[in-house]
Amino acid sequence: MTNFFDRMFGKNNKPGTGATAKSRLEFVLVHDRINLPPERMAEMKAEILQVIAKYVSYDHDMVDISLEQRDRSSALVADIPFQKAKDVLPSDADYDADLEAWEQAKTKQTQNTFADDGDTPKEMVEPSFIEDDALNAETDEPPTEDDNDPV
Amino acid sequence: MGARVITVTSGKGGVGKTTTTANISVALSRLDQRVVMLDADIGLRNLDVVTGLENRIVYDIVDVVEGRCNLKQALIKHKQFPSLYLIPAAQTRDKTAISPADMLDIVAKLKPEFDFIIIDSPAGIERGFRNAVAPADEVIIVTNPEVSAVRDADRIIGLLEAENKEPGKLIINRLKPDMVKKGEMLSADDITDILALDIIGIVPEDEFVIPASNSGVPVTLNEDSKAGLAFQNIARRLLGQNVPLMDLEQQPGFFRRLVKLFNG
């Protein structure tokens, strides 16, 4: 009965082997036309991605490199979305390293202000928060280091 | 002026090159064209039996090339169609017996005498194919709605491109409209999509074709045959007439008309 209605309204629920034939043909002809078998094609894709990874990070799941047919000629079309820099969250180790670097920079900065011995910059470069942060990070040591080093 | 030289080829064997050559040639001669068929399938000659001329052969194309006869002696005139001739292939030789240059030479001599020179190419892409295609002004590529036949047709198209030949025109032979409707066969649109080639005819599978070749009377003479009509239409299109592709719907019964009504 469903078959009857399908035919009545020209519906075709599941695609027949004709559609399979078409997609198989398209696949085989893409490779025939450029004389590049599927396996070599896969190698080429992997190599392209290696090169790209040297320069930028990209979203592995979104990569789409495929051969496109334009009439009888073929083109390699690559859609490789890059990851935005801010999307990358630092790992804990990175975070610790950053913190350390920041502290070193901060101590250097205080060194410089001492070395400069200028009047006006001194007050500008040493806003209150630096002292607060330093105290938060390491309770006792930083002030003593600060005192010792320049001497 | 001189004749238009059309080579019928396919890559794959058994798709209907010889049947197509015979039927288009007969149909053209019935449209008052002077036609010569040239069988380039040396070693596997068949155009003679398909056209019912097998008993009339004295000399063949290799005899011409090797100087055992002149060109006129190798031309077999069809009794039923006085403007139709055949130059048969040799049966006991192979494709290397002639060269593309020989083909160019023969065709150049035939050109002033005819309106059409239709060359039946052997299957394959080797010497025989190159012989058949060398003198062609136009190429007709015959294919079937099957993966292997379409793939081979694509290869032929590529080879013609490489030789800077015109892209050629497509005949889809042995299409079964019922199967296409059920989605179980590549459609003509599928095939032209894939091959990006102009179509010059769709020939439906037809029960009259084999009896016609059994008796050596090309099916295009059978008024009841859709395949025969399709070949007539192809001949007309070759002459520049605007003949729309056949509607291959087989039984436009009540329900089908109803469906058409619904679908607009």
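Helix 1 of chain B passes helix 11 of chain B in a right-handed crossing (near helix turned clockwise from the far one by less than a right angle; helices are DSSP runs of H or I, at least four residues, numbered from the N terminus). The model is predicted; local features need pLDDT of at least 70, side-chain atom pairs 80 or more, and totals use all residues. Residues count from 1 along each chain, chains are lettered from A, and side-chain values use heavy atoms without hydrogens or water.

I read an angle of about 65° for this pair, with axes 8 Å apart (lines fitted to C-alpha atoms over the stretch in contact; angles run from 0 to 180 degrees between N-to-C directions).

I then looked up the charge pairs. The whole structure holds 21 salt bridges over all chains (Lys or Arg side-chain nitrogen within 4 Å of an Asp or Glu carboxyl oxygen). In one, Lys22(A) pairs with Asp190(B), the closest N and O atoms being 3.7 Å apart. This pair crosses between chains, from helix 2 of chain A to helix 9 of chain B.

Last, I noted that Val51(A) sits in helix 3 (residues 38-55) of chain A.

Definitions and conventions: Helix = DSSP H or I, 4+ residues; strand = E, 2+ residues; numbered from the N terminus.
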